[in-house]
Amino acid sequence: MAKVSVIIPVYNVEPYLKQCMDSVVGQTLKDIEIICVDDGSTDGSLDILKEYATEDSRIQIIEQKNAGAGAARNNGMRHATGKYLSFLDSDDFFEPRMLEKAYDLAEKDQADFVAYKSDQYHTEKKQFVSADWVIHENEIPPYHPFNHRQMTGNVFKVFVGWAWDKLFLKEFVDKHHLTFQEQRTSNDLLFVFSAVVLAKKISVVPMVLAHQRRDAKDSLSKTREYSWDCFYHALMALRDRLREEGLYEELERDYINYALHFSLWNYNTLSEPTKTKLKDKLRGEWFRELGVEGKSKDYFYNKQEFEQCQKIMGNMKKENETMGFKQKLKRFLRKIVPAGRTYIDKKFKDQEKYIKKQLKEQEKLIKLQQKNMQEMQKNLKEYIEQEFVRRENWAKMPAEIKRVADGREVWVIKCPATEGEAKFFWGDYYYAVALQKYLERQNIYAIIDNRQDWGCDEEADVVLVLRGKYFYHPDRRNEKCLYIMWNISHPDMISKAEYELYDVVCVGSRHMAEELKDKISVPVVPLLQCTDTEIFCPEGETKKQYNGQYIFIGSTRGVMRDCVYWAADAGVPLHVWGSGWYEMMPEHKDVVDGTFMPNDKLPALYRSAKVTLNDHWKDMLDNQIINNRIFDALACGLPVISDGCDEMKEIFPDAVLYYDTKEEFDACIKKVENDYEAVKAKALEQYDMIKKEYSFERRVEELLEIAEKYKK
């Protein structure tokens, strides 16, 4: 395994590519792999890459049709084997020790990512220009590593939202499913800022190690007139990711301030008529959707940005931009009359005023920083007080639960969803609610602990941990308690050591149970995913507007999901709900109905639609874990087109239409269109079998049997 995988998207950069490649192959850190992704170049870029590849075995070339830098980086990531990932732009160039410096610090600090300083190189002037603003060093702690909670400024402005001045730990990237948005510009914002807020350890090399080329004629930043809305889709995707991670409430003010800042930067750097088009969007809907509209002046860190926002919204008087006759005459005379002493004196005074103004601005910034610090301290104090209250309640919980349970057995379901409104965006939360319902019907007193309450010990008889994205350590102070893990997703994130912490391990496939039982010492029981057949059933409310329609429900997480793209490209009547789709498929925006479909609306939708598309994350498919969307849809009698595994095909041999390739997917569509009655009939036949074998009611019966068998 190489120490670093260097991924370079390449598109029509023939004049600059050799300087870039020379600076990469000449890195003092030699144990690297260099993955160049040619994004359908039409100049001599690909030939240059081939020349370098014949001379250096570390270089591999991947060719793809033109899809943009985001898609190229994602493609490169799929081929990367290094411990760390470096994403470089093919028109930039780099200091020889860049990777060595970043790698050494990352290893020393065990950092999730390392950032380093850069400057700008103006091609036409052949001049280097300082860019101190790329890292706000005064807003990060004087020690490292650190995380976003130790930053003193807006967490989304401490670093710039581009990837080429950072080195990322591949394990961290894979764990959090970080990918680049596949859009023309602002395609790395979601990746970078997700990393900033998710990283536990961030370090900074305080040296200029990269040189960003400016004035390049084919630079994407110079062609934003064609992709003027990409920044908005990036910001919306970031908001959705923050909500999914349960971080939005904590970072809402920073996010909204950054959303305003980045919107105005895009607005101020566009030309007409695109600028007016953007203005209409901002004032019409985007400022509202981004959370900017309706906030008071005190809410914003930068008052000038607030004032410009108000002006765009039409709430401020239009400034007089016309120049009077006298001013025009003075400007004309200065061109033809030599400057006199009085004029020079005035220039000195003007310069003095300018310096004083700059000093005042610095004083304002210092005061603003002090104010932000005070506010952070206040917020931290409130958070600590809330935590004290929460933990005081923890101490009271065992006695209260014992009183309310009134002799019944107590089960605690540890759910990875975050507390507050964000939990309603988590499928795991509805999983826990269904389990609670059927446990209580068995005379069990069941409690749901969302992630903030995982540290509470309620002196339960059984703790059931829904293991998805987050690790939970069983609390062995309660010696009588039986700890059961039910691994329903993200199996690749779990180690043997973690399994060994439990008394019983349940996994979401029979295949995985067979593989695992010989590797760990604790009992392993297959417990497949399921559905609530009282809610997901053929009879009930419908939504007539979706009759005859294809549907897909699920976010992109920055990855193009083939079944959605193929369906949209085929022109079937498709409706998609989930975050990230607007920016992922700009040419098919009309198929996107929204970013979220509430769980209580799903059954009616499933009963009404013609077919649902489905796919699985690779680690789930490799371990043959069937996602619960399959059971939900079929229980409602909705035909499914899905990728599949052997176990799924054994359970649903002909009720699901399976695909691996686009050709097989097209064949599934053809079968639906040509023989729908037979396809629908097969789906409707599944309800009784699902109710009997794959319902929450059945899973609770099995869990009670497991608990009885392994009880201490």
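In which handedness of crossing does α6 pass α7? The crossing is right-handed; a crossing counts as right-handed if the near helix is turned clockwise from the far one by less than a right angle, and left-handed if it is turned anticlockwise. Helices (H or I, at least four residues) and strands (E, at least two) are DSSP runs, numbered from the N terminus.

Before going further, a word on the model. It is a predicted one, where local features need pLDDT of at least 70, side-chain atom pairs count only at pLDDT 80 or more, and totals for chains, interfaces and linings use all residues. Residues are numbered from 1 along each chain as its sequence is written, and side-chain values use heavy atoms, with hydrogens and water left out. The protein chain has a mean pLDDT (the predictor's confidence in each residue, from 0 to 100) of 89, and 92% of its residues reach 70 or more.

Where pLDDT is low, the predicted coordinates should not be read in detail.

Now back to the helices. Two packed helices are described by the angle between their axes and the distance between the axes. Axes here are lines fitted to C-alpha atoms, for helices over the stretch in contact, and angles run from 0 to 180 degrees between N-to-C directions. Angles under 35 degrees count as roughly parallel, over 145 as roughly antiparallel, 65 to 115 as roughly perpendicular and the rest as oblique.

Helix α6 (residues 189-198) and helix α7 (residues 230-244) have axes that come within 9 Å and cross at roughly 30 degrees, so α6 and α7 are roughly parallel. Among the residues that meet are Leu 189 and Phe 193 in α6, and Ala 234 and Leu 238 in α7. By class, this contact has 10 nonpolar, one polar and one charged residues. (Ala, Val, Leu, Ile, Met, Phe, Trp, Tyr, Cys and Pro count as nonpolar, Asp, Glu, Lys and Arg as charged, and the others, Gly among them, as polar.)

On α7 there is also a contact with α8: these two pack at about 175 degrees, with axes 11 Å apart, which makes α7 roughly antiparallel to α8. The residues involved include Phe 231 and Leu 242 of α7, along with Tyr 248 and Phe 262 of α8. The class count is 11 nonpolar, two polar and two charged.

Further along, helix α13 (residues 427-441) and helix α25 (residues 696-710) pack at about 70 degrees, with axes 9 Å apart, so α13 and α25 are roughly perpendicular. Their crossing is right-handed. Tyr 431 and Leu 435 in α13 are among the residues that meet α25, whose side includes Phe 696 and Leu 703. The contact divides into nine nonpolar, no polar and one charged.

Most residues other than glycine have a negative phi, and most peptide bonds are trans. Gln 110, not a glycine, has a positive phi of about 55 degrees and sits in the loop between α4 (98-109) and β6 (113-122). The bond from His 144 to Pro 145 is cis, with omega near 5 degrees, and Pro 145 is in the loop between β7 (127-129) and β8 (166-169).

Definitions and conventions. Contact means heavy atoms within 4.5 Å.
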